[in-house]
Amino acid sequence: MTAPHRRIRRLPSALLTLALAASGLTVTTGAAVLATAAPAAALGNGTALTPPMGWNSWNSLGTQVNQEQVVQTIDFMAANGLVAAGYDTVTIDDGWSLMHRTGQSTDLVRHPDGSMQLYDANGNPVSGTDGTGLDPTTGHLIPDPRNFPSRTVDGQTVNGIEYLARYAHAKGMKFGLYGTDTYTTCQGHPGSLGHESTDAADFVAWGVDYVKYDDCPYGPQIIGPDGHNYYTQGEGKELTRSMYARVQTFQRALDAASAAQGRPRVALSVSAQPVHSGVPYLLAADDPARTDPVILAAHTPAFQAPGYAPTGVWCGQVANLCRIGGDRDSEIDGVLYNGQLRTALEYPGNVRPGSWNDMDMMFTGWKYAYALWGTPADTCVCHKPFTDDESRTEMSVLSMMASPLISGADLRTAAQTVQHRDGYTWSTGIDASSLAVYKNRDVIAIDQDPLAQPATLVGNPPNSATAPVVLKRRLAGGDTAVLLVNQDGGAARTVGTSLAAVGASGPGYSAKELWTGTSANVTAAGGGTISAQLPPHGVALYRLSPLPATIPATVVDDGRYHALAAGGTGGQVLEVEGTCSSPVGAGADVNTWWPTHTSEMWTFTTNPDGTVRISDNCSTGTHAHTVLAAGTSPGDSAYLLDHSPGNPWQEWRVLQNTATGALVITNVATGLVLDTAGPAAGSRAVTNTANGAAPGQSWTPVS
């Protein structure tokens, strides 16, 4: 039996969007008549201090995930450098438990719409859409023994979930498990609503380090007494307690269980769908979302209840990870500006150590298990794997936004992941190029940066789905990350920005492109531009590091001729004394700048040993691009000779001051610095002992 690729949707989000948009009002429902409660403190449980990294079973294995597959995944991640790179958490998603708890002998009763049958105090079935009704289930969640059989570890028999937690821990990894704040999970298994203390205690006892907590309120449409259609919002306590309150209850239960058992606290990831809006008139008067100052400050639209959408406002107070958008599929647009990027940019306040905006599982390296995209058996673009360029784009955007890096790919070997269908055979195992994307340590460092400030948009929002996007992110230690994004999937584009636009106000930066590893210097004096030719759906991700006070001069190897003005001379420039017609061996001096005089034009070329030769632009019988040479002692004249390769008196080191753009030109043979004998026109160019206060030792390109 094949599992559905994506989780069943909880309600028609398009209809809900239309309903909310039609209301057009902003109010704070019911808050004014309630007593003031203590504000909810931001969650500080000491976990997830950087964005979590790891793997989740859903995208590749769905509800058919089993113990053997998870063991294979743990082994693969440990053996192939993923754990060492930081991907240390392996999480089992929906479908791991039986359809009933230990208190029942049969599966829970569900309505055709997926909601659980609730009962009144006398045992009579009720609809629950008025907020009443009792959950009949009791006892503990039961790992499905068919997929997660019990094992004996160190002489002790443990259930299949605890076994996997121990196995992960033995490999230096953490273990995650799925639950929901509703009566049933998205796939119809028992949820944790009303059983928070029991489930939290079990999870902690089993060794769970991380919980993915979903929100799946099934049920019929609800028409309120006001005549408004609230669509599917759930039943019973799903209607009387806000999502905020239900998540908070479970988070506190986790902390209490950890304290009682003497175990580390558990990280909580809310995978809630923010399309749910609640039913205001059914929300309990004592629900903490009604008086939470953060929620009230953001305002609650009409026909919505506080403590639902948007999760980016309040989620960090009750959880470590917060889904801010719906489920993504394998179309890169879902992570670009018209997808989850725009939403992430709206809620930077939810990002801090211990609280992260979750942009959903990654599709880098993912291959659909139930059909082979591009064949007659499967033409749905939602099943198309990412290109390598799109994979780099996905990881770059998530890293810039400090989003968790949770892979949904099949992280197993090709032999372990062979698929057969309609005469085709293929593997869903991750390939080498995708694995390399995940393990790029420079990009991971952006995601995990301890300053914990997400990226912001550079310039105006894009005016179309294909227009380029530029992001900037401040990093610890004074560095800046800059991401250039080509959102056009059909054409290559040049995308660029400037140091000024990204707030890099220093005179110069080393710019390392993190996917290619290439570096270049970008200086304000050199124009300060950052640009790249990008393939369709491609990116360039730069880390800008401030340069020291001096850098190799930008005039070196630029292929141009430059006039050099000496400091303190009123703009006099270096020239071949007597112009290009003078004999070889003539000295150099400073004189009035004439843009047409080739005797005042110089080019800088790197020698094989890394030094620089400085050649004039003369082309005569006496000076045919002769090179500048130095005398032996301080005060000796600089002069022009034919090039003699390897002659250190003709070799120079040229450094540029990043603040002023001025050059300091030092002879290799003597260590003396190019200077002037005086400020007047005709003064000889000499070499002298280095003196930072000597104006004549500062040379500025003027052309």
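Student: What span does helix α12 reach from its first C-alpha to its last?

Tutor: In this predicted model, α12 covers residues 388-400, 13 residues in total, and reaches 18 Å. That is close to the 18 Å expected at 1.5 Å a residue.

Student: Is α12 mostly covered or mostly uncovered, and which of its residues are buried?

Tutor: Buried means under 20% relative accessible area. By that cut-off α12 is mostly covered, with ten of its 13 residues buried.

Student: Which residue with a positive phi follows α12?

Tutor: Ala402 follows the helix, and its phi is near 55°.

Student: How many helices and strands does the protein have?

Tutor: The protein contains 14 helices and 39 strands.

Student: What does the radius of gyration show when set against a compact globule?

Tutor: For 703 residues a compact globule would have a value near 27 Å, whereas the protein has 33 Å. The box filled by its C-alpha atoms, taken along the principal axes, is roughly 115 × 60 × 55 Å.

Student: What share of the residues of the protein counts as buried?

Tutor: The share is 54% of the 703 residues. As for contacts between residues at least 6 apart in sequence, 70% join residues at least 24 apart.

Technical notes. Residues are numbered from 1 along each chain as its sequence is written. This is a predicted model: local features need pLDDT of at least 70, side-chain atom pairs count only at pLDDT 80 or more; totals for chains, interfaces and linings use all residues. Side-chain values use heavy atoms; hydrogens and water are left out. Helices (H or I, at least four residues) and strands (E, at least two) are DSSP runs, numbered from the N terminus. The expected span of a helix is 1.5 Å times one less than its number of residues. Buried means under 20% relative accessible area, exposed over 50%, partly exposed in between (1.4 Å probe, protein chains only). The radius of gyration is taken over C-alpha atoms; the globule rule is 2.2 Å times the number of residues to the power 0.38. Contact means heavy atoms within 4.5 Å.
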